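Reader: Hi! Could you walk me through this model before I set anything up?

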Amino acid sequence: MDLSGVAAALHARLPELAGRMALRIRSEVDAYKDESLVSPDAVRRSCAANADFVLTHLRRKDTPDAEAARETGRARAEQGVPLADTLRAYRIGSELLWTEILAEARTRPEVSDDLLVSESADFWALFGLYAEAVAVAYRETAAELTSRGQARRSALAEALFTGVITDHTLWEAARELGLPEQGPYAVAVAEAGAPGEEPLAGVEAALLRADLPSAWRLLPDRQLGLIALPTAAAEDTCLRVLRRSRARVGFSPCFPSLRSVPQNLRFARLALSGLPGTGPGVARFDDDPLAMVVAAAPAEAARLVEVTLRPVLDLPAAERSRLLRTLEQWFASGGSADAAARDLFVHPNTVRYRLRRIEELTGRSLSDPRTTADVGAALLAVRDRGEGPAGRRAETG
């Protein structure tokens, strides 16, 4: 004796049964109430397919086929229904189906209580098997969708960074990446410690918590980010988040249009290349744009050093260090000998004497703005080469 007759009777009214299952699920599970996620017809079809597999198994006692359950899991993952709601809906449908099996069995004297107890264990074991199939298919599909979505986001971000995107698709890319269509924006470039390493791990989520949407692209040696800065305080907030990462980061100027992303990527790269030392930090291009330009053209900067400061660099180490340190402090003090003297703990006349010595050696007047610009740029290049007062060849004295 088995439940084949009961199963056959329920099979005959499967459409009506599936409709009631769908109504209950939609009334009790929040995600299924939203028809934009799952249409009522899709829920009915899913209920009918899963009930059909269960009833067929009860009639034939063959090897359970979980394909309907796997299809449910795949479909709900693609529709964005939470897994917990999917499994709850599956349990509700199974409970209603078992209730119907019991009701039909009570109308048949040949179905004993012992048989129902035995079949109950089989039914709920089948439910466990199908629920597991739902969950596995859901997780596999969700992982595939996440990977596919990340790959597409990365490709769209790459298109923005390289500029290989038309104006028409520019705004579509922004919307898909969750970015506003208008700036201001900024570009960040972080240095990776090893190939493929993510120096700013978790930065996208951290920025989003601060209401700063962003899009990121990981390269073998760099991580690139395009960040929306919608408020006046957004840049400061963004910089705080980046500094917490303890990475080496270059940060571009703010800019209004997505068409300017490639240019500002270059600015951010220059800012990173001009970041002093080897430790963590964030360098803004706007903090020292001349230093960024010098870093961008090392060959030209080296030639500028040769024609501008070579006589100073050829001095004995102690004198070279004194003169370069004085020159650097004079620039930092806005050209004030008195202010430079206070910072150097020397008399203002000492500063003036050293500046005249530099003028004599180089044949250039520091009162000429054009000469001052040349010398300032050359001094930055000297610092980058490690030949300045804080460089490896410098000595104090």
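Author: Happy to; we can go from the whole chain to some single residues.

Reader: Great, what should I know about the model and its numbering?

Author: This is a predicted model, where local features need pLDDT of at least 70 and side-chain atom pairs count only at pLDDT 80 or more, while totals for chains, interfaces and linings use all residues. Residues are numbered from 1 along each chain as its sequence is written, and side-chain values use heavy atoms, with hydrogens and water left out.

Reader: Thanks! How many helices and strands does the chain have?

Author: There are 17 helices and 5 strands, taken as DSSP runs (helices H or I, at least four residues; strands E, at least two) and numbered from the N terminus. The radius of gyration is 36 Å, well over the 21 Å that the globule rule gives for 397 residues, so the chain is more spread out than a compact globule. That radius is taken over C-alpha atoms, and the rule is 2.2 Å times the number of residues to the power 0.38.

Reader: And what box do the C-alpha atoms fill?

Author: Roughly 120 × 40 × 35 Å, along the principal axes. As one example of distance, Ala-84 and Glu-359 are 77 Å apart, C-alpha to C-alpha, and 275 residues apart in sequence.

Reader: Is Ala-84 buried or exposed?

Author: Ala-84, in helix α6, counts as exposed, because its relative accessibility is 57%. The cut-offs are under 20% relative accessible area for buried and over 50% for exposed, with partly exposed in between (1.4 Å probe, protein chains only). Buried residues make up 46% of the 397 in the chain.

Reader: Switching to α4: what span should its 21 residues have?

Author: At 1.5 Å a residue, helix α4 (residues 40–60) should span 30 Å, and its end C-alpha atoms are 30 Å apart, which agrees. The expected span is 1.5 Å times one less than the number of residues. Its buried residues include Val-43, Cys-47, Val-54 and Leu-58.

Reader: Which helices do the buried residues of α4 pack against?

Author: They pack against α1, α2, α3, α5, α6 and α7, with contact meaning heavy atoms within 4.5 Å.

Reader: Nice. Where is Asp-211?

Author: Asp-211 sits in the loop between α9 and β2. Its phi is positive, about 65 degrees, although Asp-211 is not a glycine.

Reader: Last one: which peptide bond is cis?

Author: The one from Gly-183 to Pro-184, with omega near 10 degrees. Pro-184 is in the loop between α8 and β1.
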